[in-house]
Amino acid sequence: MNKTYEQLMKRIEKVMAYQAALTLFEWDAETGAPEESMEYTSKTIGILSHEYFTNLINDDVKKMITKLGDEDDLDFNQKAMIKNLKKQFEQMEHIPPAEYQAYEELTAKASGIWSRAKQKKSFADFAPTLEEIINYQKKFASYRVKKDKKPYDILLNDFEEGFDSEKLDEFFKKIKEAVIPLLKEVSKKNDTVDKSYNYQKFEIEKQREFCKYLCGYVGFDFNKGVIAESAHPFTTNLHNHDVRITTHYNENNLESSIFSAIHESGHGIYEMHIDDVITQTPVGTGTSMGMHESQSRFFENMIGRSEAFWTPIFPKLKEMYKEQLKDVTLEHFIKGINKSAPSMIRTEADELSYPLHILIRYEIEKMIFEEDVKVEDLPKIWNKKYEEYMGMEPEDDSEGILQDIHWAGGSFGYFPSYAIGSAIAAQIYSYMESIMPIEQYLKDGNLTPIREYLNNHIHKFGATKNTNELLKDMMDEELNADYYIKYLTEKYTKLYNLY
Ligand SMILES: [Zn+2]
């Protein structure tokens, strides 16, 4: 093996160890740590982040990366690793370590401040912290901004390589033009689907049991993964043999936990099937947030909301809730789980109105970074956009601008990944339908061939290929939003008889 590469990997192992420790703290903060812990634990996180930073960003590592960039005795994975490290360097090298530490401390504390402000429905309580975070983000972006590039483009590219606001403007324009009129048509027929069955009382213990069954059914491997509970479901991982997902149970909403369990399992399945050759390295994880969302949404929506998927397992659900579901047929259930009913809350949105929630956040983030809007004006802007695109305004900040945790974590440029993910999922599904009998597999309760195809064409590569490279190698085409629009149009036209 290349000597310099070997030396570099020794260093990177240490960096990965710090990263694993930080991931565990994050996991613990959401699933077990007491409420007051972060006020103090944030200091520990700041110190560990500093160690992570200085072990990665230093002259020795830089020299090795530069040297290896010119050498040609590296294999495919090693080259990908060097490319990935170069990108991380480019993101971080101009940030002073002390600033990085202070920022990490700030964002560790911010989630608590955000959550208390949300409880009090008071944006003013969160605004000063948000302003501080935005200022850091602007500063960090300004360290890296090159000629002709806008700061927001830099953030977008961090989450999805090759994407900038020009591409995304075009992407969202297509969605806006197709979804807003379609949603209006569907809304007129909203009352035709009765979904009251979903809001009866469903014992949480039984929900837990059914969700565990579902996760296993779609392919979550309990030898490499665990399920816990948190206020907002999410997935994290130390590596491909330690993947952790959470769910959230609501006694008066049956499908909420069902679809978040399938969704997070989709994320988990991606991480679990990354090749062992690249485990515990910077490329041993999903390639981007967009690709990650495509996998969770593929399982949640394309598969999990289809009649074929429920055909073999709906009897089991009915058996579990004999009383509550006694009059609900499979056909009725499928209409129910696909009902479009626009609401204020993104995480509760149906598939059709979902991209509009993202569009709103994208437009606001662009305003923050390109037009320097004042933080105090954000709630007003937020509410106006909801009125304009969805025809409704939030009653308070908690169901308005305070609903998402992302900005408290400094994740600007992240939201578009959700819409990109839905679009990728629709494109992959459309392609897979043309090469294998997906529906038949689902009806037979046999998800293995579907999962294996994704394992072999996406999962195993981790971050050694980017989103468009994966898509191109799979179907000879890069991301194309037309498949998503076609999917939504056909699905909702059929569900609501809009012919
Ligand atoms: Zn997700």
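Start by selecting β2 and β3, which pair in the antiparallel sense over four bridges (strands pair if DSSP finds at least two bridges between them; strands are DSSP E runs of at least two residues and helices H or I runs of at least four, numbered from the N terminus). You're looking at a predicted model, where local features need pLDDT of at least 70 and side-chain atom pairs count only at pLDDT 80 or more, while totals for chains, interfaces and linings use all residues. Residue numbers run from 1 along each chain as its sequence is written.

Stay on this pair: two residues make up the hairpin that joins β2 to β3. Click on Thr235 and you'll find Ile245 of β3 opposite.

Strand β3 (residues 242-247) pairs with β1 in the parallel sense, over five bridges, and Ile245 in β3 is the bridge partner of Ile227. Together the three strands form an open sheet in the order β1-β3-β2, with mixed pairing. β1 (225-229) and β2 (235-239) are the edges; each has a single partner strand, so one side of each lacks a neighbour in the sheet. From one strand to the next, the twist averages 20°.

Next, bring up helix α10 (residues 254-272), which packs on the sheet and touches β1, β2 and β3. Its direction makes about 170° with that of β3 (axes are lines fitted to C-alpha atoms, for helices over the stretch in contact, with angles from 0 to 180 degrees between N-to-C directions).

For the contact, highlight residues including Phe259, Ile262 and Tyr270 of α10 and Phe298 and Phe299 of α11 (contact means C-beta atoms, placed from the backbone, within 7 Å).

Last stop: helix α15 (residues 354-370). Its 17 residues should span 24 Å at 1.5 Å a residue, and the end C-alpha atoms are 25 Å apart, which agrees (the expected span is 1.5 Å times one less than the number of residues). Of those 17 residues, 12 are buried, so α15 is largely enclosed by the rest of the structure (buried means 20 or more other C-beta atoms within 10 Å of the residue's own, exposed 12 or fewer, partly exposed in between, with C-beta atoms placed from the backbone). Among the buried ones are Tyr354, Arg361 and Phe369. Show the cover too, which includes α6 (123-144), α8 (165-188) and α17 (416-435). Finish on Asp372, which follows α15 and has a positive phi near 50°.

Note on methods:
Contact = placed C-beta atoms within 7 Å.
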